[in-house]
Amino acid sequence: MSAVDDLRPAARRAIFETLVAMAWADGRLEPDEIAAVHAAGKVLELPDDVLEALDAGPPRIEHIAHLDLGDLDRRIVYLCAA
């Protein structure tokens, strides 16, 4: 069992979408950013269709904020973004 197993699916997705938003922050993706975000998605055990969201452009931040996240999940997402 890994620490990732303790994260709820909504938190995993929010972490990934936050990383995607950070990668897109300058309006473009570099190959190393793509590799890093895909690697993080694999570690978070996300399905391939979620990983493909990276190619769709930056996610809307307000969508991430509306995911079903408790206080602890929000803190974890913030920590990962930092």
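**Surface, fold and core of the chain**

The protein chain exposes about 5,300 Å², and carbon and sulfur atoms supply 60% of this area. The model is predicted, and the points below are grouped by topic.

**Overall fold**
- The protein chain contains five helices and zero strands.
- Read from the N terminus on, its elements run α-α-α-α-α.
- The radius of gyration is 12 Å, close to the 12 Å that the globule rule gives for 82 residues, so the protein chain is as compact as a globular protein of that length.
- Taken along the principal axes, the box filled by the C-alpha atoms is roughly 30 × 30 × 25 Å.

**Burial and contacts**
- Of the 82 residues in the protein chain, 32% are buried.

**The largest nonpolar core**
- In soluble globular proteins, nonpolar side chains tend to be buried together.
- The largest nonpolar core here has 17 residues, of which Phe16, Val20, Val37, Leu44 and Leu46 touch the most other members.
- Helix H1 (9-23) and helix H3 (48-51) are the elements that give two or more residues to this core.
- Helix H1 gives the most, with six residues.
- Apart from its neighbours within four places in sequence, Leu46 is in contact with Arg12, Arg13, Phe16, Gly41 and Leu51.

How values were computed
Residues numbered from 1 in each chain as written. Predicted model: local features only at pLDDT ≥ 70, side-chain atom pairs only at ≥ 80, totals over all residues. Heavy atoms only, no water. Core = buried A, V, L, I, M, F, W, Y, C linked by side-chain atoms within 4.5 Å. Buried < 20%, exposed > 50% of the residue type's maximum accessible area, 1.4 Å probe, protein only. Helix = DSSP H or I, 4+ residues; strand = E, 2+ residues; numbered from the N terminus. Contact = heavy atoms within 4.5 Å. Rg over C-alpha atoms; globule rule 2.2 N^0.38 Å. Areas by Shrake-Rupley, 256 points an atom, 1.4 Å probe, with all protein chains shown as cover.
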